[in-house]
Amino acid sequence: MISAHRLTKRFGGFTAVDAIDVEVRRGEAFGFLGPNGAGKSSTMRMIGCVSPPTDGSLRILGLDPAKDGPAIRARLGVVPQRDTLDEELTVRENLLVYGRYFGLSRAHVRAKADELLEFAQLTERANSVVEPLSGGMKRRLTIARSLVNDPELLLLDEPTTGLDPQARHVLWDRLFRLKRSGVTLVLTTHYMDEAEQLCDRLVVMDGGRIVAEGSPRELIALHSTREVLELRFAADDHAPYATKLTGLAQRVEVLPDRLLLYTDDGDATAAAVARRGLEPLSVLARRSTLEDVFLHLTGRTLVD
Amino acid sequence: MAGRAFSFWLTNYRRVWRGTLISGFLGPLFFLVAMGFGLGALVDDGVGGGLGGVDYVRFIAPGILAAQAMQTAVGESTFPVMGALKWQRQYHAMLAAPLGIADIVLGHVAFVAMRVAITSAAFAVVAAVLGAITSWWVLLAVPAAILTGLAFTTPVFAFAARQHDDSGFNVLFRFIVMPMFLFSGTFFPVEQLPGVLEAIARVTPLWHGVELCRGLVMGTATAAGSLGHVAYLTLWAAGGLWLAFASFRKRLVT
Amino acid sequence: MSAVGTIARALPVPAGAGLARTLVERNARAFRHGWVTLVSGLFEPLFYLFSLGVGLGALIGDIDAGGGRTVEYAAYVAPAMMAAAAMNGAVFDSTFNLFFKLKYAKLYDSVLATPLGPRDVAVGEITWALLRGLLYSTTFLAVAAAAGVVHSWWAVLALPAASLIGLAFAAVGMTVTTYLRSWQDFDYIQLALLPMFLFSATFYPLSTYDESVRWLVQATPLYHGVAMMRDLMLGDVSWGILAHVAYLSVMGVLGLLFAARRIERLLLR
């Protein structure tokens with residue numbers, strides 16, 4: 001579906017995307033994981049054919065975006081990072097007008113709009129203007145809008161950023177349904193739970209480069225341990241405790257507010273910590289996540 | 001306390017005053033030159049007979065003085081008020097400051113009056129330099145223009161505080177301000193209008209402002225007439241202020 | 001459409017999908033919600049016409065419209081009001097409205113994710129501005145004719161003439177808009193428009209000016225719009241009118257090319 005080779009985007013002297021190689025296959029859900037400024041959105045804009053690559057090659061649906069932008073975009077659905085709904089129109093009109101931009105017939109978009117309103121659970125709000133809708137509703141409308149042309153490939157840039165947990169789960173449910181119906185999903189996110197929930201395969205980006213690639217499980221297996229033990233101490237600086245913990249875990253990360261001990265058995269490690277006479281304020285043993293993978297790969301947390 | 005609100009707007013103005021030069025000062029000047037001198041040549045020499053011996057440019061200079069006071073006042077009382085209520089929410093910050101509703105309104109109204117004073121004075125000076133105004137009574141015409149501005153400022157404050165989007169302003173500009181500008185005696189005596197329209201023109205505050213300014217600079221004013229215009233304009237300003245207090249209280253204190 | 005596509009690719013014209021009409025459709029829908037604004041735009045030129053034509057006209061009487069013709073002042077000023085209204089409407093649409101859509105509503109960010117390209121955006125927005133202008137000029141012409149200030153059947157051509165004025169100003173306005181940074185910059189547009197409105201032989205003949213400044217007046221686009229309109233509505237048509245048409249056409253085509261280029265630069269980064 002997407003084939004990028006040494007794909008590069010520069011803005012003046014700043015390199016936003018630095019020679020990345022990406023291969024996305026039909027029917028899969030593919031994720032770009034990384035912090036803000038990693039180059040995810042620039043990559044998405046190039047794939048969406050609204051930002052010409054500075055260097056490298058890019059083919060989407062077997063076509064060249066430089067020559068066949070309109071033809072490619074006709075088969076894409078795009079959910080931008082910020083909702084760009086048309087606030088001068090009603091909810092239904094947003095879908096109707098957007099469908100017309102694809103050259104679809106009026107009768108077709110009318111039927112399609114009803115179907116999508118149902119899908120986005122917005123049927124009751126069909127004739128409301130956009131402005132008073134909640135963040136979750138607007139996001140669902142943006143996703144519904146991106147589906148008006150029955151896209152083969154759906155690009156989602158930070159689909160759930162800024163939504164409350166319940167709204168996120170509703171959205172994830174909708175995206176699962178799309179995937180089941182055969183739509184290829186490409187999404188960016190800086191939430192590791194989202195990436196784990198939704199993506200079959202993902203790349204981790206940092207500073208415009210791809211630093212790792214694989215399924216969430218593969219990445220965790222390769223770059224982290226099975227479990228993580230989180231310790232909080234009654235101190236402003238956690239670094240001195242790290243030295244007292246040597247030998248208890250495969251790796252220790254010091255964060256401003258806590259220590260992370262990478263281990264295959266969190267409970268056993270917790271017991272070992274207690275035996276050394278240390279008394280943390282709180283102890284939490286949990287599974288490794290992509291956050292840990294990212295921390296290991298870049299030395300930074302995703303959301304900071 | 002109202003002084004604090006005033007000085008806030010003044011500080012704000014120091015950053016954007018250049019842009020207001022164009023709308024506030026050059027605009028009226030362009031109108032004076034184009035209408036007064038260009039069109040004036042047609043009026044004065046016209047077969048229609050003109051204004052019976054009075055130079056057209058001297059006729060419209062005080063008219064434009066009053067009309068620009070109205071336009072500056074309305075311009076400063078619409079979007080800035082809505083912005084301070086809705087977008088930048090400066091009024092809310094002032095309420096938390098703590099200023100009362102009256103301080104907030106009076107402070108802002110005083111700032112608008114100052115803006116009207118500056119543009120009116122600047123226009124009067126230029127009109128005098130160009131020979132369109134020759135009487136020293138212009139020194140009283142400038143305060144008259146400020147009063148005209150106030151007669152619009154306070155009712156428009158009251159109106160603006162009741163608007164939730166700018167579509168009402170469109171109607172205000174196009175159906176109230178623009179027709180007043182064109183028909184309330186600025187460019188020709190209202191006697192030229194058909195009877196009903198003339199009657200309507202005579203109740204508009206702008207007509208009273210225009211007549212007051214014109215009477216002063218052309219030396220045709222009578223004490224009774226002038227005081228009548230002043231009283232009428234003051235009534236609008238005071239009534240508007242009362243309404244503005246009510247509107248602001250309703251919008252800000254809920 | 002593919003033939004058009006091939007030609008478009010060969011020329012130095014920004015990409016589009018030939019779907020500009022769908023953007024016109026979008027604007028028409030949006031305006032159903034804001035029809036008060038749309039209708040209110042009808043009145044401004046009419047107010048001017050009656051204020052100047054009727055109120056002032058009585059003081060002025062008949063005037064020399066050039067070429068030895070003497071007409072009442074209302075008939076003299078009506079074509080100028082129609083030309084100025086076409087200019088103002090087009091500039092308002094292509095600057096104020098466009099700036100809002102570009103910078104605040106981010107409308108085109110979503111539009112360009114569809115097959116539509118920057119050329120479609122430019123063509124679509126200008127087409128809309130022209131259609132809206134046509135509504136205004138038709139109304140104005142009908143009222144002017146009813147008021148008896150239209151003197152010739154040539155005046156029917158005043159409608160396409162108004163559209164030509166609209167095109168020229170909308171295209172240039174659009175280009176200028178792509179350079180604006182904040183709302184305060186709109187004061188500078190006002191600074192260009194108001195003197196043009198007042199001094200382009202709109203309210204009084206070119207001969208009022210001293211010989212030395214006439215060329216300056218004649219260089220402004222509104223002068224050509226007004227002169228063209230006046231020839232048509234007073235029925236004083238000669239080959240000379242083609243010079244006005246040519247001036248405005250060149251301005252429109254160049255403006256359109258630049259506008260689409262600039263929009264491409266701005267949106268397809």
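Guide: Start with chain A: the C-alpha centres of its domain 1 and domain 2 lie 39 Å apart. This is a predicted model, in which local features need pLDDT of at least 70, side-chain atom pairs count only at pLDDT 80 or more, and totals for chains, interfaces and linings use all residues. Residues are numbered from 1 along each chain as its sequence is written, chains are lettered from A and ligands numbered from 1 in the order written, and side-chain values use heavy atoms, without hydrogens and water.

Visitor: What makes these parts of chain A domains, and where do they run?
Guide: The bounds come from an automatic or database domain assignment. Domain 1 of chain A covers 2-214 and domain 2 covers 225-287.

Visitor: Why is helix α3 of chain A called mostly covered?
Guide: Buried means under 20% relative accessible area, exposed over 50%, and partly exposed in between (1.4 Å probe, protein chains only). Ten of the eleven residues of α3(A), residues 91-101, are buried, so they fall under the 20% limit. Among them are Glu93(A), Tyr98(A) and Arg100(A). The cover includes α4 (106-119) and α5 (135-146) of chain A, together with α2 (20-33) and α5 (107-111) of chain C.

Visitor: What makes each of these a helix?
Guide: A helix is a DSSP run of H or I with at least four residues, a strand a run of E with at least two, and both are numbered from the N terminus.

Visitor: Which pair of chains shares the most contacts?
Guide: Contact means heavy atoms within 4.5 Å. Of the two pairs of chains in contact, B and C share the most. Chains A and B do not touch, and their nearest C-alpha atoms are 12 Å apart.

Visitor: What is called a cavity, and how many are there of 30 Å³ or more?
Guide: On a 1 Å grid over the protein atoms alone, a cavity is a set of points where a 1.4 Å probe fits but cannot get out; lining residues have an atom within 4 Å of a point. The structure holds two of 30 Å³ or more. Helix α6(C) gives the largest share, eight residues.

Visitor: What is the mean pLDDT of chain C, and which element has the lowest?
Guide: pLDDT is the predictor's confidence in each residue, from 0 to 100. Chain C averages 87, while its helix α1 (residues 2-10) has the lowest mean, 46. Where pLDDT is low, the predicted coordinates should not be read in detail.

Conventions:
On a 1 Å grid over the protein atoms alone, a cavity is a set of points where a 1.4 Å probe fits but cannot get out, and a pocket is an open set with protein on both sides within 12 Å along at least five of seven lines; lining residues have an atom within 4 Å of a point. Grid points are joined across faces, edges and corners, and a volume is the space filled by probe spheres set on the points.
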